[in-house]
Amino acid sequence: MKIKFILPSLTEAEDSFWRPIKYSLFPPLGLATLASYVSDEDEAEIVDQHVEKLSLDDEPDIVSIQVYITNAYRAYQIADYYRSKGIFVVLGGLHVTSLPEEASQHADVIFLGPGEESFPRFLKDFKKGKSNVEKVYISKIRSLLGVPPIRRDLIKRNLYLVPNSIVVTRGCPHHCDFCYKDAFFEGGNSFYTQAVDDSLEEIDRLPGSHLYFLDDHLLGNRKFAKDLFNGMKGMKRVFQGAATVDSILNGNLIDLAAEAGMRSIFVGFESITEENLSRCNKLQNLNKDYTEVINKLHDLGIMINGSFVFGLDGDDPNVFKKTVEWAISNGITTSTFHIATPYPGTEFYKRLKKEERLITNNWDLYDTRHVTFKPRLMTEGELKNGYQWAYKEFYTWKSIAKSSLFHGSVKHQIKHFFYSSGWKKFEAFWKIIIEMKKLNQATPILEAVLSKVSSRNNKVNKREQRVIKKRFAQSKKKKLTSI
Ligand code: B12
Ligand code: SF4
């Protein structure tokens, strides 16, 4: 029996916003996880349409497709095509879980929630004969204990800049109202981890030194994270990951992460206005001193990728300038800006729907680059233009240089400059490497940029710190009424 796993590319792959490098970063770990349940006598193949051509003239026994909101229409087209040839098609992933009725029109079977328990259950039923197969498989048991190692042998490493991406947890302990996670993990445990020893073994199996943890919140379970980082000491790894503001401030976990090799971190600041944070239930950021977070990370030589959302109900047209200035003046290395996007299934979506503020249900536009609802304190045009301006402004050479100079040590300044400009300013270079299918040969450059900087040299001067702290306190305290 042959099972073909497909990650369809998002619709944007054909328009002018397409950035090949962004979609050549990570291999499809979800599908490689599912493939680990395919028995030795059966054949499995993974095709990631973002980085390779998808041929449709084959006849596998099962086609298994991962559906995100932004690739949903393409996923349905592929599914419809295979089904028209009489091939058995199964669909799963975040969008299927959010909108099962929509997805089920394009599939023989759909899966709701994570697949570690439901997918092997389905394979067993399928082997007994198609009549034994259910229409909908709902994830019942949520655990990563005893799961087989993911099928990295099916990943074409040369097509990715970060072939060593890894996930050692699922979900997150928090409940932000715009996030996919509560809807996806509904009806069961929504945050759980691997056994530390399994994670360490998985890390050991990965060649090279660079790792990227794709976990929503790597510091979310403190005991697990502590044991993981202690176990990683001496493994000579450099790594990137994500964590929340409160977990960075709380205790010395982040110091342990740095000792284990953490060199860059994705932090969901989301908004510099308290009002917004409390409205979207981002309680883990409320009343937290962002400047302290930044200083702590920079002192440890950890670069920051700050995530910011625009268009929340407390945002007026001043939000773009304020946020960009804040990010630059705090030495944030890279910023990911998003237009607030109400994913179906989230509390945010339900609220906007009730308030009749949704303006489209074209899922292609739910990519955090388009406006899909009526903002409260600005027009749709102001939101879209402000978002585009923010990206442009943050990544001008002048801004990159200014932000780099925030750091006390020359080495950190240089690293910041190369990391930030490499990400946004060398599109042509990346395109050539991608076309040559040699992307993994650029990974050592990334490893060099992520090399350690000494914390002793990395302190910004005291006066500068005081100014930043004061400026931020003023902007964060601003109430909605006074904006
Ligand atoms: C890595 C990542 C990316 C990578 C994608 C790399 C890749 N090749 O997959 C990049 C950087 C390209 C990316 C881009 C974007 N991303 Co992204 N990304 C993620 C991230 C951080 C991790 C994904 C991951 O590997 N998870 C770990 C694996 C093990 O889990 P999984 O993939 O979900 O698979 C499991 C289940 O879903 C299920 N499953 C999945 N498919 C199937 C199929 C079948 C048949 C079955 C049985 C089960 C099943 O079983 C798997 C095992 O449990 C997630 C956040 C997250 N935690 O999921 C966001 C996330 C998926 N991204 C998101 C978004 C919005 C985007 C962008 C639109 C953002 C943007 N503005 O550009 C783009 C568009 C992506 C696209 N292709 O459409 C949202 C999706 C929201 C939604 N409702 O769909 C998420 C959830 C982030 C968030 N919190 O909002 N992303
Ligand atoms: S902290 Fe991040 S992953 Fe966790 S619920 Fe909030 S947005 Fe989602």
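# A guided tour of the predicted model

Select strands β3 and β4 (residues 88-92): the two pair in the parallel sense over 5 bridges. Strands here are DSSP runs of E with at least two residues, helices are runs of H or I with at least four, and both are numbered from the N terminus. Two strands pair if DSSP finds at least two bridges between them. Within this pairing, Ile62 stands opposite Phe88 in β4.

This is a predicted model, in which local features need pLDDT of at least 70 and side-chain atom pairs count only at pLDDT 80 or more, while totals for chains, interfaces and linings use all residues. Residues are numbered from 1 along each chain as its sequence is written, and chains are lettered from A and ligands numbered from 1 in the order in which they are written.

Keep β3 (residues 62-66) selected; 5 of its 5 residues are buried. A residue is buried if 20 or more other C-beta atoms, placed from the backbone, lie within 10 Å of its own. In a regular strand the side chains alternate between the two faces of the sheet. On one side of β3 are Ile62, Ser64 and Gln66, on the other Val63 and Ile65, and all of these are buried. Ile6 has Ile65 of β3 as its bridge partner.

**The two domains**

Next, colour domain 1 (2-136) and domain 2 (161-477) separately; such bounds come from an automatic or database domain assignment. Their C-alpha centres lie 28 Å apart. The contact between them takes 22 residues from domain 1 and 25 residues from domain 2, where two residues are in contact if their C-beta atoms, placed from the backbone, lie within 7 Å. On the side of domain 1 that touches domain 2, α1 (20-23), α3 (72-84) and α4 (94-98) each supply at least two residues. Of these, α4 gives the most, with 3 residues.

**The ligands**

Select ligand 1 and the 40 residues around it; Gly30, Gly92, Gly93, Pro114 and Gly115 come nearest. A residue is counted as near if its C-beta atom, placed from the backbone, lies within 6 Å of the molecule. The shell draws at least three residues from each of domain 1 and domain 2. Its largest share, 4 residues, comes from α2.

Move to ligand 2, around which are Cys172, His174, His175, Cys176, Cys179, Lys181, Asp216, His217, Thr244 and Gly268.

**A second sheet**

Select the 6 strands of the open sheet, whose order is β7-β10-β11-β12-β13-β14 with parallel pairing. β7 (165-166) and β14 (334-339) stand at the edges with a single partner strand each, so one side of each is left without a neighbour in the sheet. Inside the sheet, 3 bridges join β10 (residues 210-213) to β11 (residues 238-243). Leu211 has Phe239 of β11 as its bridge partner.

**Towards the end of the chain**

Select helix α19 (residues 427-435), where the count of buried residues among its 9 residues is 0. Just after α19, Lys437 takes a positive phi of about 55 degrees.

Finally, colour the chain by pLDDT, the predictor's confidence in each residue, from 0 to 100. The average is 89, and 92% of the residues score at least 70. Over residues 478-483 pLDDT stays under 50, and the model has 8 contacts for them beyond four places in sequence.

Notes: Buried ≥ 20, exposed ≤ 12 C-beta atoms within 10 Å, placed from the backbone.
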